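Work through the exercises below with the structure in view. Each task is followed by its solution in steps.

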Amino acid sequence: MGEQKDRMLRGELYRDNDPELVADRRRAQALVDRFNGTGAEETGERDTILRELLGKLGESSWIMPRFQCDYGYLIEIGANSFLNYDAILLDCAPIKIGSDCSIGPRCQLLTALHPMEDHESRRQRWESAAPITIGNNVWFGGGVIVCAGVTVGDDTVVGAGSVVTRDLPSKVFAAGNPARVIREL
């Protein structure tokens, strides 16, 4: 493993133009293109492609096209979970989605981070990433955005259009921008 990939996986600043990372993204993009090009009746082919692309795909889980990700191998999805149309998972760090989750259309799970105060590092395209963890039996309404480093607890529901910028506990309904707990479930 090269230095930049190792730095990325450790959550340190890294350069995404590293040839190894570029090759990993191209591999993922080729698989994503194949997946997104399947017809509605090609569920077996979709499953085969996802099992090659993702780090883990639990039994009876599925994703609807269009789907986008950076690397694929950093994504783990538990059993009986569903990602609806147009999911974007920027997996520069691990993304773990539990079992029995429903992720609404056009949701985004974004692990990438960029230097805010160090303008020169940002100009030079340095970045880092922090993992996202989604518990079991979580439901995201359409258009939810989950930011880097966030954990969402089991049995939590996040309202459509919410932007989750910090951890959410288990068994709550949260909504808004930024998302906040509205009530316990």
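**Exercise 1: cysteines**

Cys 107 has a relative accessible area of 0% and is therefore buried; buried means under 20% relative accessible area, exposed over 50% and partly exposed in between (1.4 Å probe, protein chains only). This is a predicted model, where local features need pLDDT of at least 70, side-chain atom pairs count only at pLDDT 80 or more, and totals for chains, interfaces and linings use all residues. Residues are numbered from 1 along each chain as its sequence is written, and side-chain values use heavy atoms, with hydrogens and water left out.

Task: state how many disulfides the structure holds.

Step 1. A disulfide is a pair of cysteine sulfur atoms within 2.5 Å.
Step 2. The structure holds zero disulfides.
Step 3. For Cys 107, the nearest cysteine sulfur belongs to Cys 101 and is 11 Å away.
Step 4. For Cys 147, the nearest is that of Cys 107, 13 Å away.
Step 5. Cys 147 counts as partly exposed because its relative accessibility is 25%.

**Exercise 2: the largest core**

Task: find which residues touch the most other members of the largest nonpolar core.

Step 1. A nonpolar core is a set of buried Ala, Val, Leu, Ile, Met, Phe, Trp, Tyr and Cys residues joined through side-chain atoms within 4.5 Å.
Step 2. The largest one has 36 residues, and those touching the most other members are Leu 53, Leu 54, Phe 67, Leu 83, Leu 89, Ile 97 and Phe 140.
Step 3. Leaving aside neighbours within four places in sequence, Phe 67 is in contact (heavy atoms within 4.5 Å) with residues including Val 32, Ile 75 and Ala 87.
Step 4. Apart from this core lies another, of eight residues, among them Met 8 and Tyr 14.
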